[in-house]
Amino acid sequence: MLQFLFPSGWAPFLMGGLLIGVGVSLMFICFGRVVGMSSFFSSTLSWASGLPYFQQPSLRGTRVWRLWCALGLVLGVLAWQLWQGPGSALSTDVSAERLLIGGLFVGFGARMSNGCTSGHGICGLSSLSGPSALAVLIFMGVAMITANAMVWFTGVRP
Amino acid sequence: MKCLFDFLGMLLGGALFGYGLAYSGMVSPEVVLRFLTLQDFGLMLVMGGAVAVTVVVYQLAPRWLKRPVLAEGFEKRVTPLDRNTLVGAALFGVGWGLSGVCPGPAIAGLGGGNLKLLWALVGIFAGAYLQGLWASRANKR
């Protein structure tokens, strides 16, 4: 059963998840901040766009620390890469078109919904929010349908 | 001094998050797509592990501490049950299923040298911008 559910092992997934939880918890204990990652994109756009939407305090007022957090994300992966990584740069076989178009939907949808995998998933569920739990079920269900449809259309299994 | 603590604290919080994303393999779109096509359920453990830690801290810290170590108060995340939350989640799902990339790994993956993820990053910025435009129009009406 374990082999069927987790053919590539379970420990690294669980360990990675726990570390993510420690990071999110640290930001809450130190600063009282509930930090989801999709807001970074809108708060960073407040530097580039004068549109009142991006200048609202919840985005403009948080853009500096969200940038530090994003920088931390990059450095965290870099540290893993240096200590235990494969020794060569990570790469992906997913096509540039899929990344770009998928990204468009991810950006629009996550901001419209005000949460993504971390915002609704980690922060929302940990806040015991019913609407966030529903959002998680919806995006996971739709993503599974989409990913399987892509396998069917392209004939390529990831 | 406050700025320095803010910088270091958020940098460390983000770095733990990024390290966890790399450790679990979630920075790789392939790992996400193998979960979404039901070949490997490891991602459930990533979310489960993260929530297991965070739910304890989110629920207990505001009871046990008067205030955060370096700030005035604890934020409370409130999500309304409305059309935007649900339709947005569905659109996000389409994008996640297409690309295997969500916001955290899109940013973090660059640290692993995966420059191809810049395509996703540009897409997400563009999507977030369009959402801002759309929300501004919707408000005017």
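**View 1. The lining of the largest cavity draws most on α3(B), which gives four residues.** The model is predicted: local features need pLDDT of at least 70, side-chain atom pairs count only at pLDDT 80 or more, and totals for chains, interfaces and linings use all residues. Residues are numbered from 1 along each chain as its sequence is written, chains are lettered from A and ligands numbered from 1 in the order in which they are written, and side-chain values use heavy atoms, without hydrogens and water. Helices (H or I, at least four residues) and strands (E, at least two) are DSSP runs numbered from the N terminus. At least two lining residues each come from α8 (117-126) of chain A and from α1 (2-24), α3 (42-64) and α5 (103-108) of chain B. The volume of this cavity is about 160 Å³. Its lining has 18 residues, and A:Thr117, A:Ile122, B:Met26, B:Val46 and B:Met47 are the closest to the centre. A cavity is a set of points on a 1 Å grid over the protein atoms alone where a 1.4 Å probe fits but cannot get out, and lining residues have an atom within 4 Å of a point. Grid points are joined across faces, edges and corners, and a volume is the space filled by probe spheres set on the points.

**View 2. α8(A) is largely enclosed by the rest of the structure, because nine of its ten residues are buried.** Buried means under 20% relative accessible area (1.4 Å probe, protein chains only). Among the buried residues are A:Thr117, A:His120, A:Ile122 and A:Cys123. The buried residues of α8(A) pack against α2 (11-31), α7 and α9 (130-154) of chain A, and against α1, α3 and α4 (83-99) of chain B. Just after α8(A), A:Leu128 has a positive phi of about 55°.

**View 3. The largest pocket has a volume of about 400 Å³.** A:Val34, A:Ser39, A:Arg66, A:Asn114 and B:Arg77 are the closest to its centre among the 22 lining residues. α5 (57-60) and α7 (96-113) of chain A each supply at least two residues of the lining. A pocket is an open set of points with protein on both sides within 12 Å along at least five of seven lines.

**View 4. Chain B has six helices and zero strands.** Its C-alpha trace spans about 45 × 45 × 30 Å along the principal axes. Of the 141 residues in chain B, 53% are buried.

Conventions
Buried means under 20% relative accessible area, exposed over 50%, partly exposed in between (1.4 Å probe, protein chains only). Contact means heavy atoms within 4.5 Å.
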